[in-house]
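Okay, thanks for coming, everyone.

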Amino acid sequence: MARDEATGPIVQLRRRVKAGAEEIFDLWTKPELMARWMSPFPGAVACKASADLRPGGAFSLAMISGDSRRDVSGTYVQIDRPRKLVFTWMGPLTNNVNTLVTLELDPRGDETDLVLTHERLPTTAIVEGHTKGWGNILDHLAAMVAKGRHA
Amino acid sequence: MTGIEARKEAASRTARLDAVFAALADPTRRAIIERLSRREARVTEVAEPFQMSLNAVSKHIRVLEASGVVERHRKGRDHILSINTRSLDEVDGWIGRTRRYWEERLDAMEGLLRELKKERKAGPRSGPRSGAKSRPKDRQHGS
């Protein structure tokens, strides 16, 4: 019901990173580099990554630590090196539902402003590139709910 | 929990989350939730501030009830609406997990950037661009 008007909540992180935008962009898109930081497991990890870097191309991450295993996959939606990368993301974190991740890089001299946006969207919205956000309403609601509980 | 049970649990959690997200995607419904988050209220009270028919507001309320965000109970002749905070907790949980996940990933990314910088300084022979594939023997940290 009402799926067409549904947009998901947004998680957004901002960071000033001490590196150039090209170098950061490559960390997100070159499999041999992706494998070195994208795994959430601590310690020794076998991480395999593949990336077909073109719009509609797929990437995948297979991360294995002991007998735990995590698989993440997705499709590139927009590639604008080094400023913007948009891709779908499906994995344990998203309960294996398709979500949309947008990486924006804004060069600031030797450093780069990084904005990472992770949205939970219905698939149709992803296909149509319809990514209207709705701000921090959930953060706001969660805060209100928490307050109400302590009162 | 068996694998199948875990998958079922994850699937129903996903369905619940999706219903909550869809319910919250509408500005009128968000306004209703804000209203109810202050305190519970009668249907007519909830409808009051909106420039739409009681019927139209009732439709929104039904969507909120179906998603589990809003609950209805009766007090005498009145229908009282209130927020089911547990349904919002799940959404809040997803947001918290996702934020934590990416905070940690970005920390790791910055760690790797520092490592690559060191490698560039240390080994002009195995420069960063010459052979990214053959990185110096996978670092083998103990655990």
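So, to start: what percentage of the 151 residues in chain A is buried? It comes out at 32%, where buried means 20 or more other C-beta atoms within 10 Å of the residue's own, exposed means 12 or fewer, partly exposed is in between, and the C-beta atoms are placed from the backbone.

Before I go on, some housekeeping. This is a predicted model, so local features need pLDDT of at least 70 and side-chain atom pairs count only at pLDDT 80 or more, while totals for chains, interfaces and linings use all residues. Residues are numbered from 1 along each chain as its sequence is written, and chains are lettered from A and ligands numbered from 1 in the order in which they are written.

We have four helices and seven strands here, and from the N terminus the elements go β-α-α-β-β-β-β-β-β-α-α.

The seven strands make an open antiparallel sheet, ordered β1-β7-β6-β5-β4-β3-β2; pairing here requires at least two DSSP bridges between two strands. At the edges sit β1 (10-17) and β2 (46-51) of chain A, each pairing on one side only. On average, neighbouring strands in this sheet are turned by 20° against each other, direction ignored. Axes, by the way, are lines fitted to C-alpha atoms, for helices over the stretch in contact, and angles run from 0 to 180 degrees between N-to-C directions.

Let's zoom in on one pair. β5 (residues 84-89) and β6 (residues 99-108) of chain A are antiparallel, with six bridges, and Lys84(A) has Glu104(A) as its bridge partner in β6(A).

What lies across that sheet? Helix α1 (residues 21-29) of chain A does, over β1, β2, β5, β6 and β7 (111-120) of chain A, at about 160° to β6(A). Chain B joins in too: its helix α5 (residues 85-122) packs on the sheet, touching β1 and β7 of chain A, with its direction at about 20° to that of β1(A). For contacts, the cut-off is C-beta atoms, placed from the backbone, within 7 Å.

Now one residue in the sheet, Ala58(A), which is in strand β3 (residues 58-65) of chain A. Leaving out residues up to four places away in sequence, Ala58(A) touches Asp52(A), Ser73(A) and Thr75(A).

On to the cores. A nonpolar core is a set of buried Ala, Val, Leu, Ile, Met, Phe, Trp, Tyr and Cys residues joined through C-beta atoms within 7 Å. The largest one has 27 residues, and Ile24(A) and Phe87(A) are among those with the most contacts inside it. At least two residues each come from α1, α2 (31-34), β2, β3, β5, β6 and β7 of chain A, and likewise from α5 of chain B. The largest share, five residues, is from α1(A). Ile24(A) itself touches Val17(A), Ala19(A), Leu105(A), Thr112(A) and Leu114(A), again skipping residues up to four places away in sequence. Apart from that core there's another, of 23 residues, including Leu24(B), Ile32(B), Ile33(B) and Trp94(B).

Which brings us to chain B: five helices and three strands, in the pattern α-α-β-α-α-β-β-α. Of its 143 residues, 21% are buried.

The strands of chain B form an open antiparallel sheet in the order β1-β3-β2, with β1 (41-42) and β2 (70-75) as the edges. Six bridges link β2(B) to β3 (residues 78-83) of chain B, and within β3(B), His79(B) is the bridge partner of Arg74(B). Helix α2 (residues 27-38) of chain B lies across β1, β2 and β3 of chain B, at about 95° to β3(B).

Last stop: how does α2(B) sit against helix α4 (residues 54-67) of chain B? Their axes come within 10 Å and cross at roughly 75°, so α2(B) and α4(B) are roughly perpendicular to each other, a label covering 65 to 115 degrees. Thr28(B), Arg29(B) and Ile32(B) of α2(B) meet His60(B), Ile61(B), Val63(B) and Leu64(B) of α4(B).

Notes
Contact = placed C-beta atoms within 7 Å. Parallel < 35°, antiparallel > 145°, perpendicular 65-115°, else oblique.
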